Amino acid sequence: MNQERDYLANAVLDCPDLLSRVDNDRDLLRELIEIFKAEFPELLNQLKGAVVRREMKSAENTCHSLKGMLSGLSGLRASAVAANLERMCRDADPLEFSVSLELLEREVGKLLSELDIFAIEVQP
Amino acid sequence: MKILIADDDPISRRLLEKTLEREGFDVIAVDNGRSALERLSLPNGPRLALLDWVMPELDGIGVCLGVQKLHDRSYIHIVLLTSKGSKEDVVAGLNSGANDYLTKPWDPAELVARLRVGQRVLQLEDGLVEARETMRFKATHDSLTSLLNRGVIVDSLARELTRTRREGRCTVVMLADLDHFKAVNDGHGHLVGDEVLKEVARRLLASVRSYDLVGRYGGEEFLIVLNNCDSSQAFERAEEVRRGIAGSPIQTSYGPLHITMSIGVLASRDWELNLVEDILSETDSALYKAKADGRNCVSFARPILQGGSPNTLINQL
C-alpha cells in the first residue's frame with residue numbers, strides 16, 4: 001500500500017504543467033477535457049470487463065492507456081494510481097485491485113472537478 | 001514536412017497534433033500501428049514518424065520492424081514516444097529500428113528539438129541521394145548532349161537483344177552520322193558544332209518513342225535502338241529520324257545551318273547468337289553505304305520483310 005499512499009504526495013492537477021502542455025491554448029484545453037470525459041467511461045468498462053474475465057494483458061493495456069491520458073492532462077494523482085493498477089495487472093497481482101480501481105474512479109472524479117474549474121479560470 | 005503520429009491515446013494524439021502543427025509540420029495522425037505502417041508504406045508517405053509503443057493491432061516496435069522491410073522506400077526517421085522508460089525498453093526500442101526515443105510525459109521543446117534533428121538527417125539523406133543521382137547521370141550520359149553515353153547505349157543494346165531473342169520480337173538498330181560535320185566545326189568553330197550536336201540530340205529524342213534508346217556513339221555518330229518495332233516499320237521510322245534532322249535548319253549562334261544525317265539500319269527478330277560487335281559492324285556497313293549513296297538517306301544492312309510476308313522485300317537502298 002506504500003505506493004498508493006505515495007500518490008497522495010502529488011497534486012490532483014498540475015495546473016502550470018497543463019497550461020504549458022497546451023501552450024496556453026484554452027480551446028485546446030477544453031477540447032482535451034471533453035475527449036477525456038467521452039473516453040473514460042468506456043475505458044473503465046473495458047478495464048472492469050477484462051479483470052472479470054481475467055484477461056490481465058488486456059487489462060494492463062487499458063491501464064496503460066488510462067495512465068497516458070491522465071498524464072497528458074497533468075493529473076498526477078490519478079495517473080499514479082493508473083500506473084499502480086498497470087503494475088498489478090502485469091504482475092497478475094489481483095490483491096487490492098478492486099480497492100485501487102475505486103481509488104482511480106475517485107481520483108478521476110476529483111481531477112475532472114479541478115479541470116472544469118481550471119478551464120473556467122483560464123478563460124480569457 | 002509531413003509527419004506521422006501514431007498513438008491510441010486520443011489526448012496525447014491531439015496534443016502532439018496541435019504542438020507539431022504550431023511548429024509548421026504537416027501532421028497525419030492515426031490511432032494504431034497497422035494504419036501507421038500502411039501510411040509509411042505509401043510512395044509519398046511521411047518520412048518522419050512519432051510512434052507510441054503500446055498500440056492496438058500492431059505496436060510501435062512492430063511498425064519499426066515493418067519499416068525496415070520497406071526496401072523501396074527512402075529512409076524514414078522514427079522517434080518512439082512512450083511511457084516505457086527503463087534502460088531495457090530504450091535499448092529494445094532502438095534495436096527494433098527506431099532512430100530516437102522519448103519518454104512520456106514529454107517536454108514540447110525537447111520533442112520539437114529532436115524532430116528537428118530528424119529533419120536534418122532527412123535533409124542530409126536527400127542531399128546524398130541527389131549527389132548519387134547526379135553522379136549516376138554523369139557516369140551514364142554524355143555531358144554535351146545528355147544522351148546515353150557510348151558504354152551505356154552499347155550495354156543497353158546487348159540487353160535489348162537478349163530480350164528480343166527471348167520474346168521473339170523485332171528490334172531495330174540504327175547508326176546515324178551527321179553529314180559533313182567536320183565542315184561545321186572547321187567553318188564555324190567547335191562552339192557552333194556543339195550547338196548543332198545538342199539540337200540534333202533533342203530532335204532525335206523527339207523523333208522516337210519514350211521507351212526507345214538514343215545514345216551518342218562517337219563524335220557525331222548516334223546509336224538508336226527501337227524496341228519491339230516491327231521490321232516493316234523500320235524504314236518509315238528511320239526516315240522520320242532523318243527528316244527530323246534535315247527537315248528544318250538548326251538555329252545556332254552563327255545562324256541557321258542546314259544539317260543532314262545518314263542512317264544505317266539493321267532490323268531483325270532473328271538475331272541468333274550475333275555478338276553486339278558484329279551487329280554494330282553490320283549496321284556501320286549500312287551507314288557507309290548510305291554515305292556512298294550520296295548522304296542524307298537511309299540504308300539497310302539486310303533485306304527486310306514488309307508486312308511480315310516473306311515474299312515482299314524492301315530492297316536495300
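**Sheet, helix packing and chain contact in a predicted two-chain model**

B:Pro105 is found in the loop between strand 5 and helix 5 (108-140) of chain B, where helices (H or I, at least four residues) and strands (E, at least two) are DSSP runs numbered from the N terminus. The peptide bond that leads from B:Lys104 to B:Pro105 is cis, with omega near -5°. The model is a predicted one, in which local features need pLDDT of at least 70 and side-chain atom pairs count only at pLDDT 80 or more, whereas totals for chains, interfaces and linings use all residues. Residues are numbered from 1 along each chain as its sequence is written, and chains are lettered from A and ligands numbered from 1 in the order in which they are written.

In chain B, 5 strands form an open sheet in the order 2-1-3-4-5, with parallel pairing; two strands are taken to pair if DSSP finds at least two bridges between them. Strand 2 (26-30) and strand 5 (100-103) of chain B stand at the edges of this sheet, each with a single partner strand, so that one side of each is left without a neighbour in the sheet. Neighbouring strands of the sheet are turned by 20° against each other on average, direction ignored; axes are lines fitted to C-alpha atoms, for helices over the stretch in contact, and angles run from 0 to 180 degrees between N-to-C directions.

Strand 1 (residues 2-6) of chain B pairs with strand 2 of chain B in the parallel sense over 5 bridges. Within this pairing, B:Lys2 has B:Asp26 of strand 2 as its bridge partner, and B:Ile5 stands opposite B:Ala29 in strand 2 of chain B. Of the 5 residues of strand 1 of chain B, 4 are buried, so this strand is largely enclosed by the rest of the structure; a residue is buried if 20 or more other C-beta atoms lie within 10 Å of its own, exposed if 12 or fewer, and partly exposed in between, the C-beta atoms being placed from the backbone. Helix 3 (residues 60-68) of chain B lies across strand 1, strand 3 (48-51) and strand 4 (77-82) of chain B, and runs at about 170° to strand 4 of chain B.

Elsewhere in chain B, helix 7 (residues 181-188) and helix 8 (residues 190-207) pack at an angle of about 140°, with their axes 6 Å apart. Helix 7 of chain B and helix 8 of chain B are therefore oblique to each other, given that angles under 35 degrees count as roughly parallel, over 145 as roughly antiparallel, 65 to 115 as roughly perpendicular and the rest as oblique. Helix 7 of chain B contributes B:Phe181, B:Val184, B:Asn185 and B:His188 to the contact, and helix 8 of chain B contributes B:His190, B:Val192, B:Gly193 and B:Val196, residues being in contact if their C-beta atoms, placed from the backbone, lie within 7 Å. By class, this contact of helix 7 with helix 8 of chain B has 4 nonpolar, 4 polar and no charged residues; Ala, Val, Leu, Ile, Met, Phe, Trp, Tyr, Cys and Pro count as nonpolar, Asp, Glu, Lys and Arg as charged, and the others, Gly among them, as polar.

In chain A, helix 3 and helix 4 pack at an angle of about 155°, with their axes 9 Å apart, which makes helix 3 of chain A roughly antiparallel to helix 4 of chain A. The residues of this contact include A:Leu43 of helix 3 and A:Ser65 of helix 4 of chain A, and they divide into 9 nonpolar, 4 polar and 1 charged.

The contact between the chains takes 18 residues from chain A and 13 residues from chain B. On the side of chain A that touches chain B, the elements that give two or more residues are helix 3 (26-52) and helix 4 (56-72) of chain A, and helix 4 of chain A supplies the largest share, 8 residues. This side of chain A has 6 nonpolar, 6 polar and 6 charged residues. A:Ser65, which lies in helix 4 of chain A, counts as buried with 26 C-beta neighbours inside 10 Å. Not counting residues up to four places away in sequence, A:Ser65 touches A:Leu43, B:Asp8 and B:Asp9.

Two loop residues of chain B other than glycine remain to be described. B:Asn228, in the loop between strand 8 (221-226) and helix 9 (231-246) of chain B, has a positive phi near 45° and is partly exposed, with 16 other C-beta atoms within 10 Å. B:Arg295, in the loop between helix 10 (276-292) and strand 12 (298-300) of chain B, has a positive phi near 70° and is partly exposed, with 15 other C-beta atoms within 10 Å.

How values were computed. Contact = placed C-beta atoms within 7 Å.
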